Amino acid sequence: MLTIISDNCWGIGVYNTNEWQYNSPMLNWLVECDPYIRFVEGFDRYMAMELHEIRQEIKIDFPHYIMPFEQIVDLWNRRKARMDMSNLLFKFSYMRNDG
(Lines give C-alpha, C1' and ligand atoms only; values in the text may rest on other atoms or scores of the structure.)
Protein backbone atom coordinates (compact mmCIF):
# COMPACT_ATOMS: atom_id res chain seq x y z
CA MET A 1 0.00 0.00 0.00
CA LEU A 2 1.21 3.47 -0.87
CA THR A 3 2.84 5.57 1.84
CA ILE A 4 2.46 9.29 1.16
CA ILE A 5 5.07 11.68 2.53
CA SER A 6 3.51 15.11 1.99
CA ASP A 7 4.47 18.52 3.32
CA ASN A 8 0.84 19.37 4.04
CA CYS A 9 -2.65 17.88 4.34
CA TRP A 10 -2.82 16.78 0.70
CA GLY A 11 -1.99 13.18 1.57
CA ILE A 12 -4.99 12.59 3.79
CA GLY A 13 -7.23 13.68 0.93
CA VAL A 14 -5.73 10.98 -1.29
CA TYR A 15 -6.20 8.34 1.40
CA ASN A 16 -9.80 9.44 2.01
CA THR A 17 -10.74 9.69 -1.67
CA ASN A 18 -9.46 6.17 -2.30
CA GLU A 19 -10.79 4.81 1.02
CA TRP A 20 -7.31 3.58 1.93
CA GLN A 21 -6.03 2.92 5.42
CA TYR A 22 -3.72 5.68 6.66
CA ASN A 23 -0.24 4.25 6.05
CA SER A 24 1.67 7.42 6.76
CA PRO A 25 2.26 9.40 9.94
CA MET A 26 2.65 12.52 7.79
CA LEU A 27 -1.07 13.33 7.68
CA ASN A 28 -2.80 16.45 8.95
CA TRP A 29 0.54 18.11 9.42
CA LEU A 30 2.19 21.16 7.94
CA VAL A 31 5.90 21.66 7.31
CA GLU A 32 7.38 24.69 5.57
CA CYS A 33 9.57 24.33 2.48
CA ASP A 34 13.11 24.33 3.86
CA PRO A 35 12.34 22.13 6.87
CA TYR A 36 10.48 19.66 4.63
CA ILE A 37 13.50 19.40 2.33
CA ARG A 38 15.71 18.72 5.38
CA PHE A 39 13.19 16.10 6.52
CA VAL A 40 13.25 14.34 3.13
CA GLU A 41 17.04 14.51 2.89
CA GLY A 42 17.34 12.88 6.32
CA PHE A 43 14.23 10.74 5.95
CA ASP A 44 15.65 7.44 7.27
CA ARG A 45 17.25 9.17 10.24
CA TYR A 46 14.06 11.06 11.10
CA MET A 47 11.94 7.92 10.80
CA ALA A 48 14.18 6.28 13.40
CA MET A 49 13.48 9.14 15.83
CA GLU A 50 10.56 9.80 18.15
CA LEU A 51 8.19 12.57 17.08
CA HIS A 52 9.23 14.89 19.92
CA GLU A 53 12.87 14.52 18.79
CA ILE A 54 11.96 15.33 15.19
CA ARG A 55 10.09 18.45 16.35
CA GLN A 56 13.26 19.67 18.07
CA GLU A 57 14.91 19.85 14.63
CA ILE A 58 11.98 20.39 12.24
CA LYS A 59 9.13 22.82 12.85
CA ILE A 60 5.96 20.76 12.41
CA ASP A 61 2.43 22.03 12.91
CA PHE A 62 -0.67 19.86 13.30
CA PRO A 63 -3.41 22.37 12.42
CA HIS A 64 -6.28 19.87 12.21
CA TYR A 65 -5.66 18.07 15.49
CA ILE A 66 -7.41 19.43 18.55
CA MET A 67 -6.07 16.94 21.05
CA PRO A 68 -3.19 16.57 23.48
CA PHE A 69 0.23 16.04 21.93
CA GLU A 70 0.37 12.55 23.47
CA GLN A 71 -2.57 11.50 21.26
CA ILE A 72 -0.85 12.93 18.19
CA VAL A 73 2.23 10.87 19.09
CA ASP A 74 0.06 7.75 19.39
CA LEU A 75 -1.47 8.35 15.92
CA TRP A 76 2.01 9.04 14.51
CA ASN A 77 3.42 5.78 15.91
CA ARG A 78 0.52 3.60 14.77
CA ARG A 79 0.66 5.01 11.24
CA LYS A 80 4.45 4.87 11.18
CA ALA A 81 4.25 1.14 11.94
CA ARG A 82 2.09 0.66 8.81
CA MET A 83 4.48 2.47 6.45
CA ASP A 84 5.52 0.60 3.30
CA MET A 85 9.09 1.76 2.86
CA SER A 86 9.21 0.10 -0.58
CA ASN A 87 6.26 2.17 -1.87
CA LEU A 88 6.83 5.82 -0.92
CA LEU A 89 5.39 8.86 -2.66
CA PHE A 90 7.03 12.16 -1.73
CA LYS A 91 4.88 15.21 -2.45
CA PHE A 92 6.08 18.78 -2.08
CA SER A 93 4.33 22.09 -2.80
CA TYR A 94 6.63 25.04 -3.26
CA MET A 95 4.76 28.22 -2.46
CA ARG A 96 6.61 31.48 -2.75
CA ASN A 97 5.54 34.52 -0.80
CA ASP A 98 7.17 37.69 -2.05
CA GLY A 99 5.02 39.86 0.13
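Predicted model: local features only at pLDDT ≥ 70, side-chain atom pairs only at ≥ 80, totals over all residues.
## Ground rules

Buried here means under 20% relative accessible area, exposed means over 50%, and partly exposed lies in between (1.4 Å probe, protein chains only).

Residues are numbered from 1 along each chain as its sequence is written, and side-chain values use heavy atoms, leaving out hydrogens and water.

## A pair of strands

Let's begin with strand β1, residues 3–6. Helices (H or I, at least four residues) and strands (E, at least two) are DSSP runs, numbered from the N terminus. In a regular strand, side chains alternate between the two faces of the sheet. In β1, Thr 3 and Ile 5 point one way and Ile 4 and Ser 6 the other, and all are buried.

Strand β1 runs parallel to strand β2 (residues 88–91), and 4 bridges join them; two strands pair if DSSP finds at least two bridges between them. Within β2, Phe 90 is the bridge partner of Ile 5.

## Aromatic rings

How many aromatic pairs does a search of the whole structure find? The count is 9. Rings of Phe, Tyr and Trp (its six-membered ring) pair if their centres lie within 6.5 Å; planes under 30 degrees apart count as stacked, over 60 as edge-to-face and the rest as tilted. Tyr 36 and Phe 92 are stacked, because their ring centres are 5.5 Å apart and their planes at 5 degrees. Tyr 36 sits in helix α2 (residues 33–41) and Phe 92 in the segment after β2, so this pair ties together parts that are 56 residues apart in sequence. Tyr 36 is buried at 3% relative accessibility, whereas Phe 92 is partly exposed at 36%.

Phe 39 and Phe 43 make an edge-to-face pair, 5.8 Å centre to centre with 85 degrees between the planes. Phe 43 is buried too, at 5% relative accessibility. Both belong to a cluster linked by ring pairs, together with Trp 29, Tyr 46, Trp 76 and Phe 90. Arg 45 lies over the face of Tyr 46, at 4.5 Å from the ring centre; such a charge counts if NZ of Lys or CZ of Arg is within 6 Å of the ring centre and within 35 degrees of the ring normal.

## Cysteines

The structure holds 0 disulfides, a disulfide being a pair of cysteine sulfur atoms within 2.5 Å. For Cys 9, the closest cysteine sulfur is that of Cys 33, 14 Å away and therefore too far for a bond. Cys 9 is partly exposed at 22% relative accessibility, while Cys 33 is buried at 19%.
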